[in-house]
Amino acid sequence: MTQPQTQPRAYEPAAIELKWQAHWDAAGTHEVRDDLPREQCYYVLEMFPYPSGKLHMGHVRNYSIGDAVARYKRMRGFHVLHPMGWDSFGLPAEQAAIERGAHPRTWTYDNLAYMRGQLKRLGLSYAWSREFATSDPGYAAREQDIFLDLVEKGLVYRKSSLVNWSTGLNTVLANEQVIDGKCWRTGMPVIQKELPQWVMRTTHYAEELLQGTYELKGWPDAVLTQQRNWIGKSLGAEIDFAVEGHAGVKITVFTTRPDTVFGVTFLSIAPEHALLDGLVPTSHRAAVEAFKAETRAVSAHDRTGDTAEKKGVFTGAHVINPVNGERVQLWAANFVVADYGTGAVMAVPAHDTRDFEFARKYGIAIKTVIAPAGGAAAPADAAFTEAGVLVDSGPFTGQDSAAAKTAITAWLQESGTGRQTITWRLRDWGISRQRYWGNPIPFVYGETSGAVPLRKQDLPVTLPDDVTFDGIGNPLEKHPTWATTAADGTPLSVRTAHGPEAARRETDTMDTFMESSWYFARFTCPDFAGPLEQKRVDHWLPVDLYIGGIEHAVLHLLYARFFQKALCDIGYSTVREPFKRLLCQGMVCMETFSRPLADGKKQYFYPDELDIDKDDSGRIGAARLKADGQPVDVGRVEKMSKSKRNTVDPQRLIDTYGADTARLFVLSDVPPELDVQWSENSVRGSNRFLKRVWVLVQANLAALQAATPFAGHAKDLAGADQALVRKVHWAVKRATDALEKDFAFNTAIAACMELTNELKPEALSAPVFALGVTSLLRLLAPLAPHLAHELWAELGNAADITAAGWPAYDATQIDADEAEMPVQVNGKMKGKIVLPRSLAGAALEAAVLAHADVVALIGDRPVRKLVVVPGKIVNLVLG
RNA sequence: GCCCGAGUGGCGGAAUGGCAGACGCAGCGGAUUCAAAAUCCGCCGUUAGAAAUAACUUCGGGGUUCAAGUCCCCGCUCGGGCACCA
């Protein structure tokens with residue numbers, strides 16, 4: 001036997017991928033115009049990365065999803081805006097400076113350049129001309145512009161308050177950045193500290209932010225629920241309690257249960273409450289001061305967290321309940337938070353679990369004023385916290401809770417001792433950070449004139465390069481001249497009524513969540529001279545599809561929604577919600593391997609360091625450290641992270657299998673929202689599939705080049721040809737539905753695999769085989785773009801496969817003429833019959849009943865009911 | 001404690017109320033090979049059976065329906081979020 005004359009070309013991903021990437025780069029293939037009708041445009045955006053050094057698998061997944069959508073939409077004829085940039089201010093750069101001596105700017109831009117190369121190596125179809133980094137002078141300068149506009153509009157203000165101070169970062173954190181009382185980045189404790197702060201007035205939009213959560217139909221419920229919880233709207237009443245012996249002084253409480261006001265037996269007040277010091281008699285001063293000192297010493301979390309003990313001290317003062325004139329004690333209590341509600345709470349131990357515990361502990365009276373409705377028994381040794389019927393409540397006795405809330409609030413309102421109120425959990429967003437590598441806040445402080453905004457023509461404030469990093473305090477503050485020198489090198493001054501006076505710059509920089517709050521708008525007009533060009537912003541926003549991790553549910557995604565509304569109110573846009581549809585992709589996970597350490601923590605090991613045993617089903621049974629041969633603990637599958645040493649470097653994946661395989665793998669196993677488990681076997685499966693497609697085309701190249709794909713109707717064919725044409729239309733429908741509905745790439749890929757399994761050239765006519773191959777390549781183009789482009793070109797197509805468009809399907813070509821219909825008896829599967837699909841109604845029922853198999857199944861039993869769903873099922877209900 | 005979400009073969013998962021387990025992975029058998037890798041073909045939920053086949057099977061228990069993985073109620077387990085928020 002002779003060898004074939006020419007071996008089919010082997011699948012060498014690196015070669016074809018680099019070739020196409022160079023082509024896309026040189027041709028600017030993925031740039032997009034801003035002047036086309038909006039309904040033909042689509043804006044898809046993935047959350048831009050922090051340039052930490054190199055891409056991780058989470059990035060690969062995030063960007064592969066976005067790119068598949070972008071390429072799919074282009075094939076459907078949309079003009080797609082698909083930009084990418086860098087969230088490049090932030091702490092790791094300063095950490096690197098401290099640890100390695102690299103300047104933050106150098107470190108950041110080196111990383112960014114390397115990662116840009118990795119993105120290009122993945123073949124992601126970005127409009128690279130729009131790329132920017134948020135630390136670029138142009139972007140930072142325009143953000144300073146916006147900041148001044150926000151100040152002018154009253155949406156930024158300065159206030160001195162207790163702030164969350166991260167002991168790890170030596171900087172302030174917003175509430176959202178405190179997780180379980182610890183810093184969201186370092187996990188170090190957070191303490192309370194009094195500092196002057198620049199603050200964004202997020203609460204101005206509380207109602208609109210909440211309302212939006214009911215209107216954003218394209219967002220996952222989980223995110224909307226989290227935002228609602230975070231905003232925390234609470235409807236209730238404020239009630240004023242006069243303080244005995246202090247004429248005109250009153251303590252106002254906030255309550256959601258005004259129906260229980262007759263049951264008040266004491267008042268609890270935050271230790272920091274502004275009125276407290278003035279009310280404490282000398283006899284109690286020492287005790288109260290000691291208590292205040294004690295609560296100040298612990299973090300907010302330790303003080304009010306779920307394990308914290310409820311503590312309080314009697315202040316010596318008494319207050320008067322406005323509804324019944326009763327005199328009750330005023331207590332300071334650690335669980336009352338100064339900046340929620342009014343910082344004071346009316347305590348009703350009979351009907352509030354927390355007050356109940358507190359009253360028990362300190363021996364305070366408990367007075368029942370609500371009885372369970374319908375005469376049920378109240379709990380014997382606990383607070384009854386549900387709604388019920390009022391007892392012992394003066395004129396309101398006998399009303400139910402709901403009616404009494406309204407009636408009592410109205411009574412309070414009339415008597416001037418209370419009012420209906422809404423309280424929010426959402427606080428304003430403090431954005432001052434005591435850091436170098438962030439955007440400077442464009443303010444200066446005159447010696448006597450206080451905080452003065454810079455004039456816009458004096459912007460931008462740029463960061464000095466000559467700074468030292470020793471990890472203690474803010475480098476900007478310690479710089480010898482920066483804070484006191486103007487851009488032209490002269491001493492910094494501000495004008496006052498009495499002439500110029502020396503001034504000092506604000507040395508705090510902005511929270512880096514500022515930059516990520518408007519980058520999606522800047523992508524629409526990155527070349528614009530001012531901050532934002534409204535015409536283009538309004539053209540492209542809202543982002544049609546925004547893709548990122550769910551960990552940003554209440555941080556970035558709430559700030560961005562706030563910022564967009566603020567941008568509207570300072571005239572940069574009219575689009576009030578930035579993201580129409582939100583897709584939160586799951587994490588990339590892998591097993592962990594560890595050993596317990598003496599201090600209760602774990603020492604983690606890289607898989608490379610271990611010998612791993614797998615059982616017959618491929619599951620990991622046990623693992624031993626190569627170094628000592630002793631076993632290690634096999635942990636559960638967790639999100640890949642450096643600290644747990646369960647990471648896979650995507651670069652190795654690309655180098656070994658190519659970008660198309662890497663992309664296909666992260667899309668193929670699960671739908672985008674679910675966590676995906678790393679599996680080298682699954683990667684090899686993706687690679688095997690691509691190789692099969694490659695070989696199928698290469699081995700039949702000449703025939704495919706010569707053939708014209710079949711363009712007729714399946715009904716005019718027979719046998720394998722007919723079946724394959726039906727399969728093509730089936731696969732196209734399935735892939736289209738999967739992408740349109742939920743971006744379910746996993747099922748779209750499954751449809752491609754099924755189609756491939758049927759593509760047997762020896763059994764098919766050349767035109768039908770060509771139809772199958774060209775359809776398959778077009779379906780694969782968004783998922784494995786390099787392979788699809790290369791094979792498409794090899795088939796002799798001059799135009800790009802993107803231009804060929806997404807294939808259309810014809811529903812009439814999917815089903816065969818005869819339908820196989822399962823037959824059930826009383827709902828149980830008993831067999832199958834084949835009937836012409838053309839039959840319907842009574843004719844179909846008659847044909848079913850006449851079918852020999854059905855006759856046999858019925859036997860001599862009476863047919864009580866016959867259910868026939870054409871093409872689907874027959875159910876015989878027999879007696 | 002409150003609010004979401006999810007429970008389907010050995011594994012990841014699929015399934016407009018209509019044949020549960022598509023597709024992939026792993027496994028088993030075979031072809032090819034001196035051999036291996038790669039590739040190709042076949043089998044592959046559980047139990048009984050040589051087999052045809054039968055029974056069972058989508059966390060557990062009820063219900064609605066001709067028909068339930070899917071809808072409703074109760075419970076269990078897991079994951080996520082919120083939480084002295086008055």
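Hi everyone. Of the 879 residues in chain A, 52% count as buried, where buried means under 20% relative accessible area, exposed means over 50%, and partly exposed lies in between, using a 1.4 Å probe and protein chains only. Before we go on, this is a predicted model, in which local features need pLDDT of at least 70, side-chain atom pairs count only at pLDDT 80 or more, and totals for chains, interfaces and linings use all residues. Residues are numbered from 1 along each chain as its sequence is written, chains are lettered from A and ligands numbered from 1 in the order in which they are written, and side-chain values use heavy atoms, leaving out hydrogens and water.

Let's start with the whole chain. The C-alpha atoms of chain A fill a box of roughly 110 × 90 × 65 Å along the principal axes. Chain A has 27 helices and 35 strands; these are DSSP runs numbered from the N terminus, with helices (H or I) of at least four residues and strands (E) of at least two.

Now for one sheet. In what order do the four strands of this open sheet run? The order is E33-E32-E35-E34, with mixed pairing; two strands pair if DSSP finds at least two bridges between them. Strand E33 (828–836) and strand E34 (863–869) are at the edges with a single partner strand each, so one side of each has no neighbour in the sheet. From one strand to the next, the twist averages 20 degrees. As a reminder, strands of a sheet pair through backbone hydrogen bonds, either parallel or antiparallel.

Strand E32 (residues 818–825) pairs with strand E35 (residues 873–878) in the parallel sense, over three bridges. Within that pair, valine 823 has valine 874 in E35 as its bridge partner. Helix H26 (residues 841–850) packs on the sheet and touches E33, E34 and E35, with contact meaning heavy atoms within 4.5 Å. The direction of H26 makes about 120 degrees with that of E34; axes are lines fitted to C-alpha atoms, for helices over the stretch in contact, and angles run from 0 to 180 degrees between N-to-C directions.

Last topic: cysteines. How many disulfides does a search of the whole structure find? The search finds zero, taking a disulfide as a pair of cysteine sulfur atoms within 2.5 Å. For cysteine 584, the nearest cysteine sulfur is that of cysteine 589, 15 Å away. Seen from cysteine 589, that distance to its closest cysteine sulfur is too far for a bond. Cysteine 584 counts as buried because its relative accessibility is 7%, and cysteine 589 is buried too, at 6%.
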